[in-house]
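User: I would like a close look at a single part of this model. Please keep to one strand and its surroundings.

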Amino acid sequence: MIPYLYTMNVQTHEEGAPLISPMYYFYSENDESYNVPNQYFFGTELMVAPIVEKMDLAFQSAKVDVWFPEGEWYDFFSEKKYTGGVKLSVYRDISTIPVFAKSGAIIPLVGSEIDMGVDLPEIVDWYVFPGKQHSFEMIEDQNGQRYKTRLSIDWEMGMLELALQGDSSIVPSNRRHRIHFKGTNVSMIELPNKNDTARFECKENKMPSLNDEVFRLLKTASLPYELKDRLLNQFINAKNSHELMNILHHQDKELRGRLLEMIFTSEN
């Protein structure tokens with residue numbers, strides 16, 4: 001994560017922009033922003049909501065209440081979309097943390113092995129999320145020289161542009177850029193380290209069905225088999241949102257919350 005983290009730290013040093021910002025820094029007029037004290041923006045592209053509650057042993061996961069501001073947000077790891085303007089309990093196991101990319105986010109990461117974070121990477125992996133028009137300028141410094149790489153994406157036009165500026169001698173001569181399109185079915189695009197453009201066709205990402213998600217949850221949960229079987233059949237046979245909500249109404253709090261998150265993301 002060094003390319004993103006270093007760029008954000010440069011902005012902190014040179015522009016006074018904080019690396020970590022509480023929600024009310026940007027949404028001071030919204031009361032909800034004051035009710036999520038552990039939730040924060042990490043740089044300009046990401047929102048993080050650490051889980052500080054005890055794990056539920058039956059489900060091997062824990063929850064945090066996340067406030068999603070207006071707009072669209074994508075889980076950085078699962079690519080699931082969350083429509084904003086809502087506060088929702090989200091559940092994660094011990095191996096992950098709720099990290100959400102804003103609509104249109106562009107995050108550069110290291111795509112090759114480096115030595116202790118000293119050498120600049122040969123491969124830069126850019127993770128981009130659906131939105132409208134957006135750009136991100138990655139900053140690299142070495143030996144008193146600066147190199148800037150700007151990736152711009154226009155989702156409506158299906159066009160991306162790579163623009164370079166500065167002393168190219170500080171970056172590896174064989175550098176390549178891999179653009180990974182998250183939340184869509186667009187194939188990865190690889191570009192050489194030069195000013196360049198490329199076109200892409202945006203396709204809707206096919207996410208697991210709600211029933212598949214429910215099956216995976218119940219498969220690993222420490223619940224009676226009869227309950228698992230009955231609940232899965234109820235979801236399979238549910239014809240609309242009203243029937244799904246009726247199913248939730250009869251479940252205990254822990255199970256209901258996990259199912260509600262699945263329903264919420266399946267409808268986005």
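Which residue stands opposite Ile189 in β15? Please describe the strand pairing there as well.

Analyst: Ile179 stands opposite Ile189 in β15. This is a predicted model, in which local features need pLDDT of at least 70 and side-chain atom pairs count only at pLDDT 80 or more, while totals for chains, interfaces and linings use all residues. Residues are numbered from 1 along each chain as its sequence is written, and side-chain values use heavy atoms, with hydrogens and water left out.

Strand β14 covers residues 176-181; strands here are DSSP runs of E with at least two residues, numbered from the N terminus. Of the 6 residues in β14, 5 are buried, so the strand is mostly covered. Buried means under 20% relative accessible area, computed with a 1.4 Å probe on protein chains only.

β14 pairs with two strands, β10 and β15, where pairing requires that DSSP finds at least two bridges between them. With β10 (residues 123-128) the sense is parallel, over 6 bridges. Within this pair, Tyr127 has His180 of β14 as its bridge partner. With β15 (residues 189-192) the strands run antiparallel and 4 bridges join them. The Ile179 and Ile189 pair given above belongs to β15 on one side.

As a general point, side chains in a regular strand alternate between the two faces of the sheet.

Note on methods: Buried means under 20% relative accessible area, exposed over 50%, partly exposed in between (1.4 Å probe, protein chains only).
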